[in-house]
Structures are given as C-alpha cells and as structure tokens.
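Open the model in your viewer and keep the selection tool at hand. Each stop below names what to select and then says what is there.

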Amino acid sequence: MRSARLSPLKAAGLVALASLTGAVSATESKGYLSFQFSPETPYYVEDGKVDFGTYNGFRRYHSECHVCHGPAGMGSSYAPALMKSMQVLDFDQFVEVVVRGRKGLNQQVMPSFASNMNVLPHMNDIYAYLKARSDGVVGVARPDKFPKVRKDAQASAN
Ligand code: HEC
C-alpha cells in the first residue's frame, strides 16, 4: 500500500489527529504557546509574527524550492506559483507531490524530495509557510517570528 512508502504523510496525519482530538483548538487558543500544527490550522500569526514552524518553512522553502518556484512561492517560468497551488491542493496532495515528484507536460520536472532531509522532516512547516502566503497573511519578505520557546518547535528547526 502506498502509505508504507509515504510515511511522512502518515506521521503528519497522526499529528493532525492528535491536535484535532485535543481540547483546545488553535483558533480559540491562549495564543502562540498553545498553537499546534494541523493541516486545517497550519500556521499561527499574531501582530505580524509567525509561529516557529512557519518561520522554519520560510527558510526551508528558500533553500530547497525557491530556485524553481520563485521567491516566496510566486512562481517562475519553470514552475508554478505555489501560493496559488495551495488554494487548490490539500495537505495530502501537497505531501504526495513533494515526496513523489512529478513530470510536467513541457519536460519540466518536479523532483522527488523523498530522501531530502532538508525537506522531508519539515513538510508541515513548508506547507504552513505556503498556506500563509496563499492566504495573504505573510508577505514576500522574511516574516518575524515568535521566540523559540517550545521544545517541539525547536526540534523541528534542527
Ligand atoms: C528543479 C525544480 C523544482 C524544485 C527544486 C521544486 N519544484 Fe515543485 N515543481 C516543479 C515543477 C516543474 C512543477 C510542475 C510539475 C507539473 O507540471 O506537473 C512542480 C510542482 C510542484 C507542486 C504541485 C503544484 C500544483 O499546482 O499542482 C508542488 C506542491 C510543489 N512543486 C512543491 C515543491 C516544494 C515544496 C519544493 C521544495 C521542497 C519544490 N516543489 C521544489 C519544479 C521544482
């Protein structure tokens, strides 16, 4: 079954499930400290500051994806504007393309990132960043971030 090969998908699903069943949802939260990623609520923004995962996503995007997809998800002549794609793709579809890669109709190639450790463990964060771009809550420039106060957020930055 494909889920065996798409273990990041599964892992992300578990994270999502955990936060869905949690008592406090991110939107009615006590703010940044209680924020947890889920595909439905992938980022947290307050006073122009983003959660650390989203900030990490900004960094990962610009080290691994920007060369083809343009700065801040705005697209290039080679690859589509991901800030637009994110209005259509759901989380699973996003993960699937990034893990498997895809061949475009005009010979362009979206490479598989299945073995890229700058990407695979940070899938949630890259998704969060691109969603925030797509929703217009994060601009083109490097976003400001909350201080690194959460252990799990720190772990995802390493
Ligand atoms: C070598 C160039 C290249 C790099 C690097 C690259 N991509 Fe792509 N990507 C493409 C191309 C080309 C397509 C369009 C493929 C097609 O036409 O089906 C694409 C398509 C996609 C899609 C599907 C978009 C849609 O509208 O269906 C997603 C999502 C995506 N890329 C995410 C990423 C992420 C995230 C990264 C960084 C981790 C990344 N890509 C890095 C070239 C690249």
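Start by selecting helices α3 (52-64) and α7 (residues 123-134). Gly53, Thr54, Asn56, Gly57, Phe58, Arg60 and Tyr61 in α3 meet Asn124, Asp125, Ile126, Ala128, Tyr129, Leu130 and Ala132 in α7. Here two residues are in contact if their C-beta atoms, placed from the backbone, lie within 7 Å. By class, seven nonpolar, five polar and two charged residues make up the contact of α3 with α7. Ala, Val, Leu, Ile, Met, Phe, Trp, Tyr, Cys and Pro count as nonpolar; Asp, Glu, Lys and Arg count as charged; the others, Gly among them, count as polar.

Two packed helices are described by the angle between their axes and the distance between the axes. The axes of α3 and α7 come within 7 Å and cross at roughly 95°. That makes α3 roughly perpendicular to α7. The cut-offs are these: under 35 degrees is roughly parallel, over 145 roughly antiparallel, 65 to 115 roughly perpendicular, and the rest oblique. Axes are lines fitted to C-alpha atoms, for helices over the stretch in contact, and angles run from 0 to 180 degrees between N-to-C directions.

A word on what you are viewing. This is a predicted model: local features need pLDDT of at least 70, side-chain atom pairs count only at pLDDT 80 or more, and totals for chains, interfaces and linings use all residues. Residues are numbered from 1 along each chain as its sequence is written.

Now zoom out to the whole protein. Eight helices and five strands are present. Their order from the N terminus is α-α-β-β-α-α-α-α-β-β-α-β-α. Helices (H or I, at least four residues) and strands (E, at least two) are DSSP runs, numbered from the N terminus. Of the 158 residues, 34% count as buried. A residue is buried if 20 or more other C-beta atoms lie within 10 Å of its own, exposed if 12 or fewer, and partly exposed in between; the C-beta atoms are placed from the backbone. Among contacts with a separation of 6 or more, residues 24 or more positions apart account for 61%.

Stay with α3 and select Arg59, which sits in this helix. Is Arg59 buried, exposed or partly exposed? Arg59 is partly exposed, with 16 other C-beta atoms within 10 Å.

Next, select Asp51, in the loop between β2 (49-50) and α3. Asp51 counts as buried because 26 C-beta neighbours lie inside 10 Å. Which residues is Asp51 in contact with, leaving aside its neighbours within four places in sequence? They are Tyr32, Phe35, Tyr43, Tyr44 and Phe146. Tyr32 is 19 residues from Asp51 in sequence and 6.8 Å away in space, C-alpha to C-alpha.

Move to the sheet. Three strands form an open sheet in the order β1-β2-β5, and the pairing is mixed. The edge strands are β1 and β5 (144-145), each pairing on one side only. Two strands pair if DSSP finds at least two bridges between them. Antiparallel β1 and β2 are joined by two bridges. Glu46 stands opposite Lys49 in β2.

Between β1 (45-46) and β2, pick out Asp47 in the loop. Its phi is near 50°, a positive value in a residue other than glycine. Asp47 counts as exposed because it has 6 C-beta neighbours inside 10 Å.

Jump to Gln107, in the loop between β3 (102-103) and β4. Gln107 is not a glycine, yet has a positive phi of about 70°. Gln107 is exposed, with 6 other C-beta atoms within 10 Å.

Now select the ligand. Its shell holds 23 residues, the closest being Cys65, Cys68, Ser85, Gly104 and Met110. α4 (66-69), α5 (82-85), α6 (91-100) and β4 (109-110) each supply at least two shell residues. By class, the shell has 17 nonpolar, four polar and two charged residues.

Finish at Phe113, in the loop between β4 and α7. Phe113 is buried, with 22 other C-beta atoms within 10 Å. Beyond its neighbours within four places in sequence, Phe113 is in contact with Val98, Val99, Val119 and Leu120. Phe113 and Val99 are 14 residues apart in sequence and 5.1 Å apart in space, C-alpha to C-alpha.

Notes
A residue is near a molecule or strand if its C-beta atom, placed from the backbone, lies within 6 Å of it.
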